[in-house]
Amino acid sequence: MTQSYGIFNEERGAPNRAIFVVDTEGVIRFKRVYESARDLDPQDILAEIDKI
């Protein structure tokens with residue numbers, strides 16, 4: 001599944017940390033890949049949700 005979303009890290013053999021916002025029709029409206037959990041900004045994600 002992570003390979004089809006383009007977030008699988010071949011070097012590590014595991015997926016990268018990522019956030020997806022999917023609308024009610026199943027369309028991905030926002031995708032961001034993060035190096036670590038410390039990079040994740042909840043306000044940034046909420047701002048993207050408000051745009052939908």
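## Ground rules and confidence

This is a predicted model, so to speak of its local features we need pLDDT of at least 70, while side-chain atom pairs count only at pLDDT 80 or more, and totals for chains, interfaces and linings use all residues. Residues are numbered from 1 along each chain as its sequence is written, and side-chain values use heavy atoms, with hydrogens and water left out.

The chain averages a pLDDT (the predictor's confidence in each residue, from 0 to 100) of 90, and 100% of the residues score at least 70. Helices here are DSSP runs of H or I with at least four residues, strands are runs of E with at least two, and both are numbered from the N terminus.

## A greasy patch

On the surface, Met1, Tyr5, Val22 and Ile28 make up a nonpolar patch with about 420 Å² of accessible area together. Patch members need over 30% relative accessible area and no salt bridge; nonpolar side chains (Val, Leu, Ile, Met, Phe, Trp, Tyr) are joined within 5 Å, like charges within 9 Å. The areas come from the Shrake-Rupley method with a 1.4 Å probe, and for residues only the protein chains shown count as cover.

Met1 sits in the segment before strand 1 (8-9). Met1 is exposed, with a relative accessible area of 74%. The labels run like this: buried is under 20%, exposed is over 50%, and partly exposed is in between (1.4 Å probe, protein chains only).

## Three salt bridges

Side chains of opposite charge can pair when their charged atoms come close. Searching the whole structure turns up three salt bridges, each being a side-chain nitrogen of Lys or Arg within 4 Å of a carboxyl oxygen of Asp or Glu. Asp23 pairs with Arg29, with the closest N and O atoms 2.8 Å apart. Asp23 is buried at 14%, whereas Arg29 is partly exposed at 48%.

Asp44 and Arg32 form another, with 2.1 Å between the closest N and O atoms. Asp44 lies in helix 1 and Arg32 in strand 4, so this pair ties together parts twelve residues apart in sequence. Both ends are partly exposed: Asp44 at 23% and Arg32 at 31%. Then there's Glu48 with Lys51, at 3.1 Å from N to O. Both lie in helix 1, three residues apart, or about one turn of the helix. Glu48 is buried at 17%, but Lys51 is exposed at 63%.
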